[in-house]
Amino acid sequence: MAKPRPARPSKSRGGSLPAPPKSRETDRKVASGPAYRRVLLKLSGEALLGAKTFGIDRAFADYLAEEIRDAHSLGVEMGIVVGGGNIFRGVSDAAYGMDRVSADHMGMLATVINGLALQDAMERAGLATRVLSAIEMRQVAEPFIRRRAIRHIEKGRIAIFAAGTGNPYFSTDTAAALRATEIKAEVILKGTRVDGIYDMDPLKFPQARKFAEIKYLDVIQRGLKVMDKTAISLAMENRLPIIVYNIKKKGFLKRVLMGEKVGTLVCD
């Protein structure tokens, strides 16, 4: 004789029984996570100067690698665009009188050198990285292919985007806005020598006033030297926020990713 089945819990008229409430511990853990899931970090070439006047300061590159490692440990997916101003810039005085296209190509090659230097420092810090170049040079870097770049990031690797956009007349700021849009980053983090955006150069004018938040159009209309107009316009068109912070302040990158109000936010 078959055993009687245990009675099922009765359902309310509204459907199945309500789910049990989440514990406070679960809520606390969710709230303590990073504010962004995928970000694009923009580093100027001058950031790699450290205490030097030209080239790459290895000690400062190691410091940057540690900052990035601490930020990446939060579970944030990350891409990086690095400039080349510490070696050569197409619009610098050193390029005066040169053909603009040739000068810009030289600047792009400088960003590849910086990308490789940053990769070396990050790998010594225990991070898996890939350098992807917009100019094909397979012996030293992978060619930039959007789907490949996203796949690297999804696997937990940090993608370093070198050679700008691969085209003259476009800065690495524009490359940062473009790559951020392509990899579907939630924010651009711009690491600089100062702790945000000011109405004038705070290194020259102590009375300079800092903005906690500023709109894209205000940056363009005021002529603030944050990123070039093309980069700001591209970010505005794609509603991609930009946070400018001081990269020389230890722990600031991690604090930005945790949602703290550090630096200046550029948004609508």
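## A lysine and its contacts

Set aside the neighbours within four places in sequence, and Lys249 is in contact with Tyr63 and Glu67. Contact here means heavy atoms within 4.5 Å. This is a predicted model, so local features need pLDDT of at least 70 and side-chain atom pairs count only at pLDDT 80 or more, while totals for chains, interfaces and linings use all residues. Residues are numbered from 1 along each chain as its sequence is written, and side-chain values use heavy atoms, with hydrogens and water left out.

Where does Lys249 sit? Look in the loop between strand S10 (242-246) and helix H8 (252-257). Helices (H or I, at least four residues) and strands (E, at least two) are DSSP runs, numbered from the N terminus. Lys249 is partly exposed, with a relative accessible area of 42%; on this scale, buried means under 20%, exposed over 50%, and partly exposed in between (1.4 Å probe, protein chains only). Lys249 also sits 9.0 Å from Arg193, C-alpha to C-alpha, although the two are 56 residues apart in sequence.

Now look from the other side of that contact. Glu67 lies in helix H2, and is buried, with a relative accessible area of 8%. Beyond its neighbours within four places in sequence, Glu67 is in contact with Lys249, Lys250, Gly251, Phe252 and Leu253.

## The whole chain

Stepping back, the protein chain has eight helices and eleven strands. Of its 268 residues, 44% count as buried. Take the contacts in the chain with a separation of 6 or more: residues 24 or more positions apart account for 70% of them.

## The sheet

Nine strands make an open sheet with mixed pairing, in the order S4-S3-S5-S2-S1-S6-S10-S11-S9. Which strands stand at the edges? They are strand S4 (142-143) and strand S9 (213-215); each has a single partner strand, so one side of each is left without a neighbour in the sheet. As a bit of background, strands of a sheet pair through backbone hydrogen bonds, either parallel or antiparallel. Two strands count as paired if DSSP finds at least two bridges between them.

S3 (residues 129-133) and S5 (residues 158-162) pair in the parallel sense over five bridges. Arg130 stands opposite Ala159 in S5, and Ser133 has Ala162 as its bridge partner in S5. S3 also pairs with S4, in the parallel sense over two bridges, and there Ser133 stands opposite Pro143. Four of the five residues of S3 are buried, so this strand is largely enclosed by the rest of the structure.

## Helices on the sheet

Helix H3 (residues 100-124) lies across S1, S2, S3 and S5, running at about 175° to S3. For these angles, axes are lines fitted to C-alpha atoms, for helices over the stretch in contact, and the angles run from 0 to 180 degrees between N-to-C directions.

## An enclosed space

Rolling a probe the size of a water molecule over the atoms shows where empty space is left.

## Two positive phi values

Tyr169 lies in the loop between S5 and helix H5 (172-182). Its phi is near 75°, a positive value in a residue other than glycine. Tyr169 is exposed, with a relative accessible area of 52%.

Lys184 lies in the loop between H5 and strand S6 (187-192). Its phi is near 60°, again positive in a residue other than glycine, and Lys184 is exposed, with a relative accessible area of 56%.
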